[in-house]
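Please read the following briefing alongside the sequence and the coordinates.

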Amino acid sequence: MNSAQLENQLAYFPGYFANHVLLTVGALVLGIALSLPLAAVAIRRPGLAGPLLGVASVVQTIPGLALLALMVPLLGRIGVVPALVALVLYSMLPILRNTVTGALEVDANVIEAARGVGMTDDQILLRIRFPLSAPVIVAGIRTAAVWTVGMATLSTPVGATSLGNFIFSGLQTQNTVAVLLGCLGAAILAIALDGLIRMAELAAARRDARLAWTSLALFIAAVVLATTPIAGNLLGGSQRPRVNVGAKTFTEQYILAELIADRLETAGFEATIRDGLGSTVVFQALAHEEIDVYVDYSGTIWANQLKRKETASAQRVLAEIKTWLLAEHQILSLGALGFENAYAFAMRRDRAEALGIETLLDLALHASSLSVGGDYEFFSRPEWIAVRDAYGMKFAEQRSFDSTLMYTAVSEGHVDVISAFSTDGRIAAFDLVVLDDPRESLPPYDGVLLLSRSAAARPDLVNALRPLIGSLDDRAMREANRRVDLDHRPVDEVAHELSRGLAIPRR
Amino acid sequence: MLSLREVSKTYPGGQLAVDRLSLELAAGETVVLLGASGCGKTTTLKMINRLVEATSGEILVDGRATKGMDPVLLRRGIGYVFQGIGLFPHWTVADNVASTPRLLGWEEGRIRARVDELLERVGLPPENYRERRPDELSGGQQQRVGVARALAAEAKVLLMDEPFGALDPVTRDGLQRELIRVREQLGLTILLVTHDVTEALLLADRIAVMDHGRIEQIASPTELFASPANEHVERLLDMPRRQSERIQNILRGTDPPGGRDDS
């Protein structure tokens, strides 16, 4: 790592950290506000305690990323809301469990005395059970706080900015500095929150009003201080017209988002990048106008949205998706950028030569003794089904990887062949060969610029983006990807260079 | 002041804890429910302030049937000293004593005066004890606070469940004497539960001997000695007399310590 890289990433830190603090603290406050009354009900009717804790435990067993992703279709939107809902649900179990068990374990003699002196059930709860189980309840809140800080890093793919943006983009672009910054920020936040809660607990235990006020003041000061970098956004600060640019979770998308943002900024817009969005999340976000523009791939829309299983020529696919997008979602497909990022099968050159494999036909002959690696979604995608059926492909072993690790896996020989992306800079860098597809079973994947209905209705915006159409070929895209993935150059710098190299007339 | 008429309690398991029990306490009277554990004496006590709901029968406090009353308000009007003491460990001594007055909405000045008066009365100088926490007190001091808490709201009826059971003999003796004094000063009507025959004899105007959820005999200590209703009552009352004789013999040197008869 170098200091320029660190400096570059540090510029994002205040914003990411501020959003992370807001998400975490918001979720925690809501989690407490919901858990305590629920716990109160469960304590009054112990028959309810079991089922309630059961439900909370089930929520807890859902992997964090899955719970967050589930919220998007459930709530029909992306961004802070689904992230917050998932985090609140996640934070509730430890608070609920500790409050219920703590309150029910208070000495029976004390509870009987409380009834005997004439307290109502509510008074027993608020004056006796809660105060006496406070240390247990606070322990639950501390657990929830630490969990929530950690899980909030996973809210990036549903469109909520957090320190997870460092981690997701850093892992994609193999930028260790970014990953470390994300982890460090989360660790600092977790420790600080835990410390403040412990201070409040101590104040309560000692009945020290001054310490209690100090911890509350420190807490508020910390939240205010941490969130000042985005306070302007929250209050609607900037006067310039705002545009939200979306991006999926891989290098090319980060570069394209920066490229679009660069164009927009030049044209006088205020561009905000919402990167790290899941592949289906980003489309829904555009359809719901939560983002204004992003780049998708013709084959992806063809298969995922139009649910088409057959392949067709690049021109036909482009034309049909344009008509369909406009009719179904009022989304404008402004056009193809010029490059194609298709699914392709890649092997190590020496291995391919040794086996005499040049095409997918050759591969099919050897498949029964080979292992194939794909990214998480590949083996459930229609492209894979199409190739498998077209060539009668049957591999000995099938393994899923994070798309960044796939290339390392094939180059180190953990798998024999991978589902690569044709614009990936690592194909050349790792000396891989892309196998021909003589039966044309793989659909075309032209990068297309998609605009939401409201964005399409802004002529100035459309005009600012139109020059990008047809301006970016495979070679330029692959080169940009290589600079980020292999030279570990900052995404925005590479995007800026790309923008200048496009020879688009500037205003 | 306090009447129980044909009161029964059957627990959900079907166990009959109290069987058609009737009992009348005149104002200012102290009655002791005496019996072995499991005889239904604590259940009887708890039915009076409805910590346990009676299955059948009627209970009147100061002429009013408790059944129609809000149990919470009923409890605020009756003092109760618990077997387990049950002080609120997160509150100071003063806050503990002030429990019921606060629930009744007394104004703070009156509460403070009452707390100090009661702490003085139970032998805990308020200036030393007011701000202490229960865990800083000995068992005897804790039970004094328990008594003060029960008396704080100026209840005329005091229910006491083995109040001195867990205390050492010297402390118990001291507290028993103080209870007698406080009772005279405040004109309290007391129903006290114990399994300790000596305690019953020392405190009671009348003793109700209980077994299997029923009162076997209720009478003044003198009457109980003079004409016990059955063999169980007779043997129960005989025990302290024999103990006292043996103690006198030991003191005179005519009987070795650790003597024979213990039944």
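**Briefing on a predicted model**

A:Lys307 is exposed, with 8 other C-beta atoms within 10 Å; a residue counts as buried if 20 or more other C-beta atoms, placed from the backbone, lie within 10 Å of its own, as exposed if 12 or fewer do, and as partly exposed in between. This is a predicted model, in which local features need pLDDT of at least 70 and side-chain atom pairs count only at pLDDT 80 or more, while totals for chains, interfaces and linings use all residues. Residues are numbered from 1 along each chain as its sequence is written, and chains are lettered from A and ligands numbered from 1 in the order in which they are written.

**Positive phi**

- Most residues other than glycine have a negative phi.
- A:Lys307, although not a glycine, has a positive phi of about 55°, and A:Lys307 lies in the loop between α14 and α15 (314–329) of chain A; helices here are DSSP runs of H or I with at least four residues, strands are runs of E with at least two, and both are numbered from the N terminus.
- B:Glu154, also not a glycine, has a positive phi of about 60°, lies in the loop between α7 (139–151) and β7 (157–161) of chain B, and is partly exposed, with 14 other C-beta atoms within 10 Å.

**Helix α18 of chain A**

- The buried residues of helix α18 (residues 382–391) of chain A are A:Glu383, A:Ala386, A:Val387 and A:Tyr391.
- These residues cover an arc of only 100° around the axis, which puts them on the same side of α18(A); the arc is that of the directions from the helix axis to the C-beta atoms.
- The buried residues of α18(A) pack against α14 (298–305), β5 (343–348) and α17 (360–366) of chain A, where contact requires C-beta atoms, placed from the backbone, within 7 Å.
- Just after α18(A), A:Gly392 takes a positive phi of about 60°.

**Contact between chains A and B**

- The contact takes 17 residues from chain B and 13 residues from chain A.
- On the side of chain B that touches chain A, the elements that give two or more residues are α2 (71–76) and α4 (99–103) of chain B.
- That side of chain B has eight nonpolar, six polar and three charged residues, with Ala, Val, Leu, Ile, Met, Phe, Trp, Tyr, Cys and Pro counted as nonpolar, Asp, Glu, Lys and Arg as charged, and the others, Gly among them, as polar.

Terms used. Two residues are in contact if their C-beta atoms, placed from the backbone, lie within 7 Å.
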